[in-house]
Amino acid sequence: MSRTALRICPLCEATCGLALTIDGTTVTAARGDRDDVFSRGFVCPKGASFGAADADPDRLRTPLVRRDGELREATWEEAFDAVAAGIRPVVERYGPHSVGIVLGNPNVHTVAGALYPAVLRGALGTRSLFTASTLDQMPKHVSSGLLFGDANAIPVPDLDRTDHLLLIGANPLESNGSLCTAPDFPGRLKALRARGGTLTVIDPRRTRTARLADRHVAIRPGTDALLLAAMAHVLFEEDLVDLGALTPYVEGKDEVRDAVRDFTPESVAAACDVDADVTRALARELAAAPTAAVYGRIGSCTVPHGTLASWLVDVLNILTGNLDRPGGALFPQAATDRTPRPAGPGRGFALGRWHSRVSGHPEAKGELPLSALAEEIDTATGIGEPVRALLTIAANPVLSAPDGDRLDKALDSLDFMVSVDPYLNETSRHAHVVLPPPPPAQSPHHDFALNTLAVRNQVRYTRPAVPLEPGRMAETEILARLTLATTGTHGTDPAAVDAMVIEQTLGKAVRDPHSPVHGRDPGELTAQLTGDNGPERRLDLMLRLGPYGDGFGARADGMTLERLLAHPHGIDLGPLRPRLPGPLKTRSGKVELLPGPIADDLPRLRQALAERPDGLVLVGRRHLRSNNSWMHNIPALTGGSNRCTLHLHPDDAERLGVRAGQPVRIKGAGGEVTAPAEVTDAVRPGVVSLPHGWGHDRPGTRLTHAAAEPGVNVNQLLDGSMLDPLSGNAVLNGVPVELVPVSRP
Ligand SMILES: Nc1nc2c(c(=O)[nH]1)N[C@H]1C(S)=C(S)[C@@H](COP(=O)(O)OP(=O)(O)OC[C@H]3O[C@@H](n4cnc5c(=O)[nH]c(N)nc54)[C@H](O)[C@@H]3O)O[C@H]1N2
Ligand SMILES: Nc1nc2c(c(=O)[nH]1)N[C@H]1C(S)=C(S)[C@@H](COP(=O)(O)OP(=O)(O)OC[C@H]3O[C@@H](n4cnc5c(=O)[nH]c(N)nc54)[C@H](O)[C@@H]3O)O[C@H]1N2
Ligand code: SF4
Ligand SMILES: [Mo]
């Protein structure tokens, strides 16, 4: 007998609702849930392969503990004993900063990743935190922190209502969107065109998204900040600036006018390879559209001026009056957001409160650059302690961060390493203890992080679709136990972690005059919480204290976990609404349009006006059936066009004597790799493209299918020294490379 269970897809940021067919405890089919309030039945090939991803025979079933140099199967008790015995001496001898934490991308897709890493980090007290954010969107956090006073206040394009979308360095037809959670992003772009709206795409490659656009600008990689500054210049020059309803909330407009004065369309044309006429047209179209949204993603962040480009995206939204208005770019309001506090000056956003030990990189959002992880382990400076023990949670930095070979060696030299990961892969193979979470069908799902970035306010929760297999441990419990084992309270009941968080949260809430529970008894409130386990009670707590919450009885029809469970396809909370000045937490209480650190970084951009290196530069690309480094082990998703090949333009191929299919050696500052050439005019001349997440040929992994067609690790071309200085984000795009055709024997 088969049954159906609902499960939100955890495989990308689109958060589609899936209807799983389950035979016994096996997922035999996955289709889009037509009744899902947000995704309305959409599913992509990855979601459709949920069953295959779930049942991958290479997923680890039990913890592994290193004994006599070998990783061997162990019980959970043995594993956590080993964790405590391995980490505690390092903390006691060298202090908390000697224990590093690496958080990878899937933490935004799991309940465990949302609820425990902050507790773990707080309890350990380490400053050595590295996350995938510094390979991705840290520039956007820093720009939001500076503009709005809150690094997590990220405006999202109002896809369903906008008249004009300017999309920069994003390819949602393959990625399904990022920092803009929108199931069926492709369909939403087609609907924009169908209702008479315009789509402009800026990308050095003619991507599937670019092919859908009214206009595609094939910019030279790494130069978007120049183009956007020139667009801002045009808005001022042609008197097209109109803040509209934003006027009372914005300070620094005149300062921005002065700051972009040098960046004329003519002055940026050569660096960007964009005609001045085109830049002017882009600015005029943006200003003329009834509503418009500028949206930038990976290609605008993972570049030398990532923070400036991210800042300029919102500057353009603001100068055209499109921030915080329907059809523009708005701040979502998720059900688990904190209780909105009254508007007014806040604490502001601080950068560089501490620095990395070796290169002195400033922290951003409490994190150090992942590019600096290897040197923080392998380099002694005499000041401060190197990282000697490491906890990696859902992260594969050996492939996803610069210079995997160096990191590989550094990880091997650690006193102790723990990986929470379902696979024995390029990173976890170095661990002394591997703690495998259960497959997704056995885990609950709620989008704590991604709902704060969604194009529609909505809330959905799915319980595990099948019960935990015998011998499995929920990832929430794994992370709770990891917290206890690493902080000297090994053996305590893991429920104590949730109880402590609930007690602290309620303690604060009852003292807060703006909270709906001000003055009430925390014990009485705790007793009202429902849910089968600690994580569910924490979800209930957040929902009830949140902006739509019942406030523990203060609002009869408000949100609770019980109410959410009664709506298995989710609850729609309506379109995005203007929220200013609510989200602002700057010291001035306003949008600070030209923050100091940004002004200080502009001279570096001015220098870039004159820079135009001759050689080839490398950019990345994503494939719909791939996902970073960890989905190459699923046969249904590999093969066909999803391969690790080097795209290069026919003109460059001819000049270098490269034939289609021929192996090409690609050299960068950090090393070289060899990949087959795929000659295509989808990439502009002067630019080559290689996808990331490949290179599955290291020994000691258990990725049978991936190892059969391993590809090469593009990040080996990087040496980790190229960063956006404000955010510490790695430069992964626009990287100088040299090509040498390899003659076949
Ligand atoms: N050159 C280049 N490099 C890039 C990028 C690029 O565009 N170009 N993109 C960057 C970006 S945007 C990102 S986000 C990073 C990603 O960097 P990482 O987060 O390091 O990489 P992932 O491949 O997403 O690795 C996820 C890890 O989590 C494990 N995992 C999967 N599901 C679960 C789960 O439910 N629980 C746990 N605990 N683990 C799980 C996987 O087995 C894998 O080991 O890569 C970056 N690297
Ligand atoms: N199928 C699939 N989906 C994914 C992922 C995946 O690996 N596979 N990864 C997920 C993750 S972690 C993330 S962060 C998102 C990323 O989501 P997106 O940002 O949409 O990701 P990409 O497809 O890498 O698109 C980046 C685009 O920027 C272009 N580009 C490169 N350099 C420049 C530049 O200097 N300027 C401009 N204007 N463009 C440039 C590239 O050619 C590329 O087309 O995708 C998520 N979804
Ligand atoms: S678009 Fe993303 S969330 Fe939706 S089914 Fe595909 S992988 Fe899953
Ligand atoms: Mo990402």
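How far is an oxygen atom of ligand 1 from an N or O atom in the side chain of Asp421? In this predicted model the separation is 2.6 Å.

## Basis of the model

The model is predicted, and local features need pLDDT of at least 70, side-chain atom pairs count only at pLDDT 80 or more, and totals for chains, interfaces and linings use all residues. Residues are numbered from 1 along each chain as its sequence is written, chains are lettered from A and ligands numbered from 1 in the order in which they are written, and side-chain values use heavy atoms, with hydrogens and water left out.

## Ligand 1

Around ligand 1 there are 28 residues, and the closest are Asn105, Asp421, Asn425, Glu475 and Ser629; a residue is near a molecule or strand if one of its heavy atoms lies within 4 Å of it.

Taken alone, ligand 1 exposes 920 Å², of which the protein buries 95%, with accessible areas coming from the Shrake-Rupley method with a 1.4 Å probe (for residues, only the protein chains shown count as cover). Its shell divides into 14 nonpolar, 10 polar and four charged residues, where Ala, Val, Leu, Ile, Met, Phe, Trp, Tyr, Cys and Pro count as nonpolar, Asp, Glu, Lys and Arg as charged, and the others, Gly among them, as polar.

## Ligand 2

Ligand 2 is surrounded by 32 residues, the closest being Ser175, Asp203, Gly222, Asp224 and His623. In the side chain of Asp224, an N or O atom is 2.6 Å from a nitrogen atom of ligand 2, while the side chain of Arg622 brings an N or O atom to 2.8 Å from an oxygen atom of the ligand; a polar backbone atom of Ile298 is 3.2 Å from an oxygen atom of ligand 2. On its own ligand 2 has 920 Å² of accessible area, and the protein covers 98% of that.

The shell around ligand 2 has 11 nonpolar, 13 polar and eight charged residues. Helices α7 (172–175) and α14 (298–301) each supply at least two residues of this shell, and the largest share, three residues, comes from α7. Helices (H or I, at least four residues) and strands (E, at least two) are DSSP runs, numbered from the N terminus.

## Ligand 3 and Asn176

The residues around ligand 3 include Cys9, Cys12, Cys16 and Cys44, together with Asn176. By class, the shell of ligand 3 has eight nonpolar, three polar and one charged residues. Asn176 lies in the loop between α7 and α8 (185–194), and has a positive phi of about 65 degrees although it is not a glycine.

## The two sheets

Strands of a sheet pair through backbone hydrogen bonds, either parallel or antiparallel.

A second open sheet has three strands in the order β1-β2-β3, with antiparallel pairing, and the edge strands here are β1 (2–8) and β3 (26–32). Its twist averages 30 degrees from one strand to the next. Six bridges join β2 (residues 17–23) to β3, and Thr21 stands opposite Ala29 in β3.

## A cis peptide bond

The peptide bond from Leu580 to Pro581 is cis, with omega near 5 degrees, and Pro581 is found in the loop between β21 (571–575) and β22 (591–592).

Methods:
A polar contact is a pair of N or O atoms within 3.5 Å; within protein, one must be able to donate a hydrogen and the other to accept it, and residues adjacent in sequence count only if both atoms are side-chain atoms. Two strands pair if DSSP finds at least two bridges between them. Axes are lines fitted to C-alpha atoms, for helices over the stretch in contact, and angles run from 0 to 180 degrees between N-to-C directions.
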